[in-house]
Amino acid sequence: MRDFEKSQKLNHVAYDIRGPVLDEAQRMRANGEKILRLNTGNPAEFGFLAPDEVIQDLIHHAVESEGYSDSKGIFSARKAIMQYCQLKGFPNVDVEDIYTGNGVSELIVMAMQGLLDTGDEVLIPMPDYPLWTASVSLAGGNAVHYVCDEQAGWFPDVDDIKSKITSNTKAIVLINPNNPTGALYSKALLLEIVQIARENDLIIFSDEIYDRLVMDGLTHTPIATLAPDLFVVTMNGLSKSHRIAGFRVGWMVLSGNKAHVKGYIEGLNMLSSMRLCSNVLAQSVVQTSLGGVQSVDKLLLPGGRIYEQRNFIHKAINDIPGLTAVKPQAAFYMFPKIDRELYNVDNDEQFVLDFLKEEKILLVHGRGFNWNQPDHFRIVYLPRVDELAEIQEKMERFLRKYKR
Ligand code: PLP
């Protein structure tokens, strides 16, 4: 029999979401060992339940959702998304500019497949949510990483962005609020990025799936609202804010100036039609989800679970000698730094694997987010405080072995 290999298209795709660490975690769980999982941004897994009204909607719409929908999505969902965007100030958004997807994930892949030819470059943040890098590579493009600066609260380094633009650069990707750093970008920074896109004729892709998970009284500014003269593609969805990652509900919004992107939009329409449509039953909860009370809000205020867990983990990590972490202001991730002058850590993946084996806590190593140094890891602080409390003592003990 002949051997079947993966396609060559995948040779340059880096997406090691699975890998030795997860394999080991699986093996340990299969052996009945209890692991504290600080590795996935999956709220439902940590007791964050979907709002009742969302579940009621789902049941109510089950029968009428049996068939395919329009390839971009059902009218009520797209209308609700359009109104959500209008209220946030997005310029030039019509129902036809909204595409629903099986999660933002499907739309990220689609958006890159529709745009890129071999050798095209896309500016991607470092660290990133790795699907962006993988999707650019899968589409034949080159992901060119710009630095997000830890010293500057993980804001993108504007000079680094400028220095990385070439004649092949087609687009810039922003993840705001950010996974894995929890940063929320200021309007001033966004305006600088818009200006760079304007001067260099770039499409802006903005992943804003955490826009409703913002703390400390801050507000999220969609970059689309600052760029009416540019073409902006914004991604968002219900996986995080409505704790329904398993339903797979996401959307993509085209806004601003579309005069020069007719060909690209034709490509997006083609790809959207090829997958027929996204999950219709899941789309049926969009209208209810985006209207009315946002139950996620109270999780983010003092006394709310996400807020209190954020404060706890931030202090717990910074209290460990040689670990520092910028306080996240949004989402539910933190990206601490290991002081390598204090600790002999030269392989972050091995570090995370050994921590799992010895202390039964599962993290993700920084290079999994395309970070270029072996000195970071990501924590998901969705578990309750009593579970998070385990990390401080265990990490401190574990790090002693790495002391120089
Ligand atoms: N974008 C970012 C920044 C994410 O963190 C995630 C999931 O963790 C996604 C996109 C994918 O979300 P979805 O469940 O809508 O596919």
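This passage describes the fold of one protein chain, from its overall dimensions down to single residues. The model is predicted.

The chain has 13 helices and 15 strands. Its radius of gyration is 21 Å, close to the 22 Å that the globule rule gives for 404 residues, so the chain is as compact as a globular protein of that length. The C-alpha atoms fill a box of roughly 60 × 60 × 50 Å along the principal axes. Of the 404 residues, 46% are buried.

Strands of a sheet pair through backbone hydrogen bonds, either parallel or antiparallel. Val173 has Phe205 of β7 as its bridge partner.

Strand β7 is mostly covered, with five of its five residues buried. The cover extends to both faces of the strand. Ile203, Phe205 and Asp207 are buried on one side, and Ile204 and Ser206 are buried on the other.

The length of α7 can be checked against its residue count. At 1.5 Å a residue, its 14 residues should span 20 Å, and the end C-alpha atoms are 20 Å apart, which agrees.

The two sides of α7 can be compared next. Leu190, Ile193, Val194 and Ala197 are the buried residues of the helix. They cover an arc of only 105 degrees around the axis, so they lie on the same side of α7. Their cover includes β5, β6 and β7. Ala188 and Glu199, on the other side of the helix, are exposed.

Pro177 is found in the loop between β6 and α7. The peptide bond from Asn176 to Pro177 is cis, with omega near -5 degrees. Asp201 comes just after the helix, in the loop between α7 and β7. Its phi is near 60 degrees, a positive value in a residue other than glycine. Asp201 has 12 other C-beta atoms within 10 Å, and a residue with 12 or fewer counts as exposed, so Asp201 is exposed.

A cis peptide bond joins Met126 and Pro127, with omega about 5 degrees. Pro127 is placed in the loop between β3 (121–126) and α5 (131–138). Leu276 is a residue other than glycine with a positive phi, near 65 degrees. Leu276 lies in the loop between α8 (262–274) and α9 (280–283). With 11 other C-beta atoms within 10 Å, Leu276 is exposed.

Another open sheet has three strands in the order β11-β15-β14, and its pairing is antiparallel. Here β11 (333–334) and β14 (364–365) are the edge strands, each pairing on one side only. Two bridges join β14 and β15 in the antiparallel sense. The bridge partner of Val364 is Arg378 in β15.

Tyr381 lies in the loop between β15 (377–380) and α13 (385–400). Is this residue buried or exposed? Tyr381 has 28 other C-beta atoms within 10 Å, and 20 or more make a residue buried, so Tyr381 is buried. Leaving aside residues up to four places away in sequence, Tyr381 touches Gln309, Arg310, Ile313, Phe332, Met334 and Leu388. Ser186 is 195 residues from Tyr381 in sequence. Their C-alpha atoms are 23 Å apart in space.

How values were computed: Residues numbered from 1 in each chain as written. Predicted model: local features only at pLDDT ≥ 70, side-chain atom pairs only at ≥ 80, totals over all residues. Pairing = 2+ DSSP bridges. Helix = DSSP H or I, 4+ residues; strand = E, 2+ residues; numbered from the N terminus. Expected span 1.5 Å × (residues − 1). Arc of directions from axis to C-beta. Contact = placed C-beta atoms within 7 Å. Rg over C-alpha atoms; globule rule 2.2 N^0.38 Å.
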